[in-house]
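Reader: I am new to this structure and would like to know the grounds for the labels used on it. Please take them one by one.

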Amino acid sequence: MKLPFHIIELLKRKSKSDLRLPSDCELLSLDIESKTGVRIGATTLKRLLGFAQDERQPHTSTLDAIAHYLGYAHWDELAKIEDQGNSDFDSPDGEVRSADLQVGCELEIAYLPDRRVVLSYLGNNRYRIQQSENSKLLVGDEVEILSFVLHHPLLVMQVWRSGQSLGQFTAGRISGLSSVRVI
């Protein structure tokens, strides 16, 4: 069993690790043990994070230890958060489509490692960047975006900076958007 994407993202945040390599599971194992007193083997974590193909179901105590590490009382409580979704808008697929927005509407998006962008909708799938933290998109840039989908890369059809076209842009290529919020 591989953990849901959302829970893997929570583990990355809590452990302050990208968890990109199987060897990262050794450090995660030690961190979980130091904070919960429960040892989860690196091999088990590799399986749960998708580094090893194995469909065996983990023990309930393993899942409870992960939940406790993330600040939840038990696995069922953490799993409920995933089932209810983790977005701040009412969309069944975690998607905000430009065609559904009113001109002047603002969105805030975030993606790893620490990028945050606020966009104002101009109409016709175009937005102006109002705020930008650690992103290659700059305040004042205009962009063309069809939709924002949670946990998927942001596909920008066109970027204009000072009237000049910079071409296409993709944000969050690996882990996708970690947050999409209509302000």
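Author: A residue is called buried under 20% relative accessible area, exposed over 50%, and partly exposed in between. The model is predicted. In it, Glu-33 has a relative accessible area of 31%, so Glu-33 is partly exposed.

Reader: What makes the contact of Glu-33 with Arg-39 a salt bridge?

Author: The N to O distance between their side chains is 3.9 Å. The cut-off is within 4 Å, for a side-chain nitrogen of Lys or Arg and a carboxyl oxygen of Asp or Glu, so the pair counts. The structure holds 13 salt bridges.

Reader: How do you know that Asp-31 and Lys-35 form one?

Author: Their closest N and O atoms are 2.5 Å apart, which is within 4 Å. Both residues lie in helix H2 (residues 24-36), four residues apart, about one turn of the helix.

Reader: Why is Asp-31 called buried, and what is Lys-35 called?

Author: Asp-31 has a relative accessible area of 17%, and because this is under 20%, Asp-31 is buried. Lys-35, at 47%, counts as partly exposed.

Reader: Which parts does the salt bridge of Arg-181 with Glu-108 tie together?

Author: The side chains meet at 3.0 Å, N to O. Arg-181 lies in strand E9 (residues 177-182) and Glu-108 in strand E2 (residues 106-111), so the pair ties together parts 73 residues apart in sequence. Glu-108, at 13% relative accessibility, counts as buried, and Arg-181, at 29%, as partly exposed.

Reader: Which residues are linked with these two in a network of salt bridges?

Author: Arg-116 and Glu-133 are linked in a network with Glu-108 and Arg-181.

Key: Residues numbered from 1 in each chain as written. Predicted model: local features only at pLDDT ≥ 70, side-chain atom pairs only at ≥ 80, totals over all residues. Heavy atoms only, no water. Helix = DSSP H or I, 4+ residues; strand = E, 2+ residues; numbered from the N terminus. Buried < 20%, exposed > 50% of the residue type's maximum accessible area, 1.4 Å probe, protein only.
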